[in-house]
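The following exercises ask the reader to work from a sequence and its structure.

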Amino acid sequence: AREYAACMDLARSDAKAAHETAVAWRKRGGGDAASHCVAVALIGLGDYIQAAEKMEALARGMTHATAASRGELLGQAGNAWTIAGKPDRAYAAQTEALRLKPRDANILIDRGITLTSTNKFWAALDDLNQALEIAPERVDALVFRAIAWRHLDILELANDDIGRALRLQPDNLDALL
């Protein structure tokens, strides 16, 4: 657990060093934890496609892990696919993640973002509404829902969401914009 935590911290601060460390650790028998650190380091290195593929493979291969753990990995893979500009792959990974963690507000918000990026605003609203039922004070969900309302030209509801977001976080830059 300490080695995993250290590797993940390193992945956030020095992706290249983390990648080298995680690859060596995996060769020494670091297992799933080392493989996850490799994938996170790849995100830091800008190799989003390979990171997403590794996270998906890891999630599907971890048959001994909890559904929640596998769902979390698939959610991370979805984010990597989104950053890579592959919304169809992101949506597939996020949908699979939600089968494993159906009430995860983070994954619902992420899939809502993915759907918004492909102009599927009504479907995005479904996910963002569910996320806000679970976590009603998530300012990011309110902002993204306002974006969807705006694209649908339902400005009163967009304004309501932005107003609510700003009441929760008056200095939130995304809501102010």
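**Exercise 1: A lysine in a loop**

Lys 101 is buried, because its relative accessible area is 18% and buried means under 20% relative accessible area, exposed over 50% and partly exposed in between (1.4 Å probe, protein chains only). The model is predicted, with local features needing pLDDT of at least 70 and side-chain atom pairs counted only at pLDDT 80 or more, while totals for chains, interfaces and linings use all residues. Residues are numbered from 1 along each chain as its sequence is written, and side-chain values use heavy atoms, with hydrogens and water left out.

Task: State where Lys 101 is placed and which residues Lys 101 touches, not counting residues up to four places away in sequence.

Solution. Step 1: Lys 101 lies in the loop between helix 6 (87-100) and helix 7 (105-117); helices are DSSP runs of H or I with at least four residues, numbered from the N terminus. Step 2: Beyond residues up to four places away in sequence, Lys 101 touches Ala 67, Ala 68, Gly 71, Glu 72 and Ile 107, where contact means heavy atoms within 4.5 Å.

**Exercise 2: The two sides of helix 2**

Task: Determine which residues of helix 2 are buried and which are exposed on the other side.

Solution. Step 1: Helix 2 (residues 15-27) has 13 residues and reaches 18 Å from its first C-alpha to its last, close to the 18 Å expected at 1.5 Å a residue; the expected span is 1.5 Å times one less than the number of residues. Step 2: Ala 15, Ala 18, Ala 22, Val 23 and Trp 25 are the buried residues of helix 2. They lie on the same side of helix 2 because they cover an arc of only 165° around the axis, the arc being that of the directions from the helix axis to the C-beta atoms. Step 3: Lys 16 and Lys 27 are exposed on the other side of helix 2. Step 4: The cover over the buried residues of helix 2 includes helix 1 (2-13) and helix 3 (31-44).

**Exercise 3: Helix 10**

Task: Identify the buried residues of helix 10 and the elements that cover them.

Solution. Step 1: Ala 158, Asp 161 and Ala 165 are buried in helix 10. They cover an arc of only 65° around the axis, which puts them on the same side of helix 10. Step 2: The cover over these buried residues includes helix 9 and helix 11. Step 3: Glu 156, Asn 159 and Arg 167 are exposed on the face of helix 10 turned away from its buried side.
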